[in-house]
Amino acid sequence: MAILMPRIIQAKQILRRSLSNGSNNTHMAIPKGYFAIYVGEQEKKRFVVPVSLLSQPAFQDLLDQAVEEFGYNHPMGGLTIPCSEDIFTDLASRLGAL
């Protein structure tokens, strides 16, 4: 379990930075217990998913891919996952996040 905590903390830090850089637009509002991510290979689509998704090993694999591709500086200002939208929606659906 200790291995999982740094990933969760890093994702929260990225999310906190992205929210502090954003506007106060109501479109940017995220319910408590959720976070926004951007998914896609060319055109990025925004998803709001539950924080509980961070503890899932399959989602942590996607986070590892994001670190390899973007480091901790995500171009969209929020957490960006470098996979196709179809793969993400399939995974999130199986994990009960969508």
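A residue is called buried when its relative accessible area is under 20%, exposed when it is over 50%, and partly exposed in between, using a 1.4 Å probe and protein chains only. The views below come from a predicted model, in which local features need pLDDT of at least 70 and side-chain atom pairs count only at pLDDT 80 or more, while totals for chains, interfaces and linings use all residues. Residues are numbered from 1 along each chain as its sequence is written, and side-chain values use heavy atoms, leaving out hydrogens and water.

**View 1. Phe 88 sits in helix H3.** Helices (H or I, at least four residues) and strands (E, at least two) are DSSP runs, numbered from the N terminus. With a relative accessibility of 1%, Phe 88 counts as buried. Setting aside residues up to four places away in sequence, Phe 88 touches Ile 37, Val 39, Phe 47, Val 49, Phe 59, Leu 62 and Cys 83; contact means heavy atoms within 4.5 Å. Phe 59 is 29 residues from Phe 88 along the chain, and their C-alpha atoms are separated by 9.0 Å.

**View 2. Three strands make an open sheet in the order S2-S1-S3, with mixed pairing.** Two strands pair if DSSP finds at least two bridges between them. Look for the edges at S2 (45–50) and S3 (79–81), each of which pairs on one side only. From one strand to the next, the twist averages 40 degrees. Strand S1 (residues 34–39) runs antiparallel to S2, and six bridges join them.

**View 3. Helix H2 (residues 57–70) lies across S1 and S3.** Its angle to S3 is about 100 degrees, where axes are lines fitted to C-alpha atoms (for helices, over the stretch in contact) and angles run from 0 to 180 degrees between N-to-C directions. Helix H3 (residues 85–94) also packs on the sheet, touching S1 and S2, and its direction makes about 15 degrees with that of S2.

**View 4. Phe 88, Leu 91 and Ala 92 are buried in H3.** Seen down the axis of H3, the buried residues fall within an arc of 95 degrees, so they line one face of the helix; the arc is that of the directions from the helix axis to the C-beta atoms. Their cover includes S1, S2 and H2. On the other side of H3, you will find Asp 86 and Arg 94 exposed. After H3 comes Gly 96, with a positive phi near 80 degrees.

**View 5. The largest nonpolar core has 18 residues.** Such a core is a set of buried Ala, Val, Leu, Ile, Met, Phe, Trp, Tyr and Cys residues joined through side-chain atoms within 4.5 Å. Ile 37, Phe 59, Ile 81 and Phe 88 have the most contacts inside this core. S1, S2, H2, S3 and H3 each give two or more residues to the core, and the largest share, four residues, comes from H2. Apart from neighbours within four places in sequence, Ile 81 is in contact with Ile 37, Tyr 38, Val 39, Gly 40, Leu 62, Leu 63 and Ala 66.

**View 6. Two aromatic pairs are found in the structure.** Rings of Phe, Tyr and Trp (its six-membered ring) pair if their centres lie within 6.5 Å; planes under 30 degrees apart count as stacked, over 60 as edge-to-face and the rest as tilted. Phe 35 and Phe 59 are edge-to-face, at 6.2 Å centre to centre with 70 degrees between the planes. This pair links strand S1 and helix H2 across 24 residues of chain, and both Phe 35 and Phe 59 are buried. The rings of Phe 47 and Phe 88 have centres 5.0 Å apart and planes at 55 degrees, so that pair is tilted. Phe 47 in strand S2 and Phe 88 in helix H3 are 41 residues apart.
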